[in-house]
Amino acid sequence: MSSDEDLQQLRGVGSATADKLADAGYNTVKSVAVASPGELSENAGVGDNTAEKIIRAARQEADVGGFETGSDLLEQREKIGKLQTLVPEVDDMLGGGIETQSITETYGEFGSGKSQFTHQLAVNVQLPEEHGGLEQSAIFIDTEDTFRPERIAQMVKGLEGEVLEDVVRRDLEDYDKEDVEELDLDEDIEELSEEADEVLDDLVDEFLERVHVAKAFNSNHQILLAEKARDMADDLEDSDFPVGLVAVDSLTAHFRAEYVGRGNLANRQQKLNKHMHDILRVATLHNAAAVVTNQVQSNPDAMFGDPTKPVGGNILGHTSTFRIYIRKSKKDKRIIKLVDAPNLPDGESVLRIKEEGLKPE
Ligand code: GTP
Ligand code: MG
């Protein structure tokens, strides 16, 4: 494995250690450089001192973890991408879209549209930048078995005609420019010709290929999947569609069900904290957006405090940079509230959940 060889360049890493690291998912020098000694020794089964030495060597090699100048930070920030919801009012509120390199937490009660939101982003992330996407693929960690390929299909078909034409040209090589225009893809779904319908089905297949879904059966499995997401993002880095979105829907459901009672709270928060950092790490290393969903506390243990507060408390608050509260309104209407975000005023905007996906008022 070539990445093993990379790791072996580090002082203190022989082939056996390199294998251990690789088995534990540390495939690159950079992934070791950003690990903590405790985590590395636990995951890779190396001693604490060794872990510390390896990390120090990796940090020198990878040039991370030291002081950075303001201009370095600016350079890194200039790479931040914006993934649009394609609802202009919402995107404006978000300062252009969901930012890469940080975690955006969406929370709200059941049926508010959190899963719809993540499905839509898994479509939009694949779009060319001029249409609001990142031209990248999505990782979707599904903890409640709510991921629906059929819903992705509707959302793809529900894209604007002009966007559809461009992605058909990009993804389906058989259609040259004029052919695509003759398909009249901006017609309503019901009005489409049979041929256009078939083309869109082919297009949907392409989109589904670029959504990498894993179902998490319990919180431990969920944590493991976030670690695997890192491997997958490494593997796809040089592909045509590297990972641009990591979605976890729901972030908290398993944790909430498994760690019941006050006595388990500290343990739960610790696990969640580690999990969030794993997700954040993929987002920062790969310049990807991370979007996690969270329920609001609506059961009796919310006797303390506001029943519309997201589950998970402070730790989530500190690792997620953007928080979005989704509230039900009349019928398909939803109020999207930006709760706290660095450099952006809090705000409210509106969207509708339609057959074609998330759409403006
Ligand atoms: P929980 O996971 O239960 O906490 O809810 P959630 O916030 O994830 O809600 P979700 O995103 O599943 O939103 C459900 C709502 O989206 C439904 O009440 C519907 O109004 C709407 N919805 C879901 N699927 C469709 C669809 O195929 N067509 C249309 N028009 N609306 C849909
Ligand atoms: Mg849901």
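Is N287 buried, exposed or partly exposed? N287 is partly exposed, at a relative accessible area of 24%; here buried means under 20% relative accessible area, exposed over 50%, and partly exposed in between (1.4 Å probe, protein chains only).

A note before the views: this is a predicted model, where local features need pLDDT of at least 70 and side-chain atom pairs count only at pLDDT 80 or more, while totals for chains, interfaces and linings use all residues. Residues are numbered from 1 along each chain as its sequence is written, chains are lettered from A and ligands numbered from 1 in the order in which they are written, and side-chain values use heavy atoms, with hydrogens and water left out.

View 1. Most residues other than glycine have a negative phi, and most peptide bonds are trans. Helices (H or I, at least four residues) and strands (E, at least two) are DSSP runs, numbered from the N terminus. D145 sits in the loop between β4 (137-142) and α9 and is partly exposed, at 43% relative accessibility. S250 belongs to the loop between β6 (243-249) and α14 (253-258).

**View 2. The surroundings of ligand 1.** The shell holds 15 residues, and the closest are G111, G113, K114, S115 and Q116; a residue is near if one of its heavy atoms lies within 4 Å. By class, 2 are nonpolar, 6 polar and 7 charged. Ala, Val, Leu, Ile, Met, Phe, Trp, Tyr, Cys and Pro count as nonpolar, Asp, Glu, Lys and Arg as charged, and the others, Gly among them, as polar. At least two shell residues come from each of α8 (114-124), α9 (149-157) and β10 (347-354), and α8 gives the most, with 3.

**View 3. Polar contacts of ligand 1 with S112, S115 and Q116.** A polar contact is a pair of N or O atoms within 3.5 Å. A side-chain N or O atom of S112 is 3.2 Å from an oxygen atom of the ligand. For S115, a polar side-chain atom lies 2.8 Å from a ligand oxygen atom, whereas Q116 uses a backbone N or O atom, 2.8 Å from an oxygen atom of ligand 1. Taken alone, ligand 1 exposes 670 Å², of which the protein buries 66% (Shrake-Rupley method, 1.4 Å probe).

**View 4. The aromatic pair of Y107 and Y325.** The whole structure has 3 aromatic pairs, meaning Phe, Tyr or Trp rings (for Trp, its six-membered ring) with centres within 6.5 Å; planes under 30 degrees apart count as stacked, over 60 as edge-to-face and the rest as tilted. Y107 and Y325 are stacked, 4.9 Å centre to centre with 15° between the planes. Because Y107 lies in strand β3 (residues 103-108) and Y325 in strand β8 (residues 322-328), the pair ties together parts 218 residues apart in sequence. Y107 is buried at 6% relative accessible area, and Y325 is buried at 13%.

Conventions
Polar contact = N/O pair within 3.5 Å; in protein donor to acceptor, adjacent residues only side chain to side chain.
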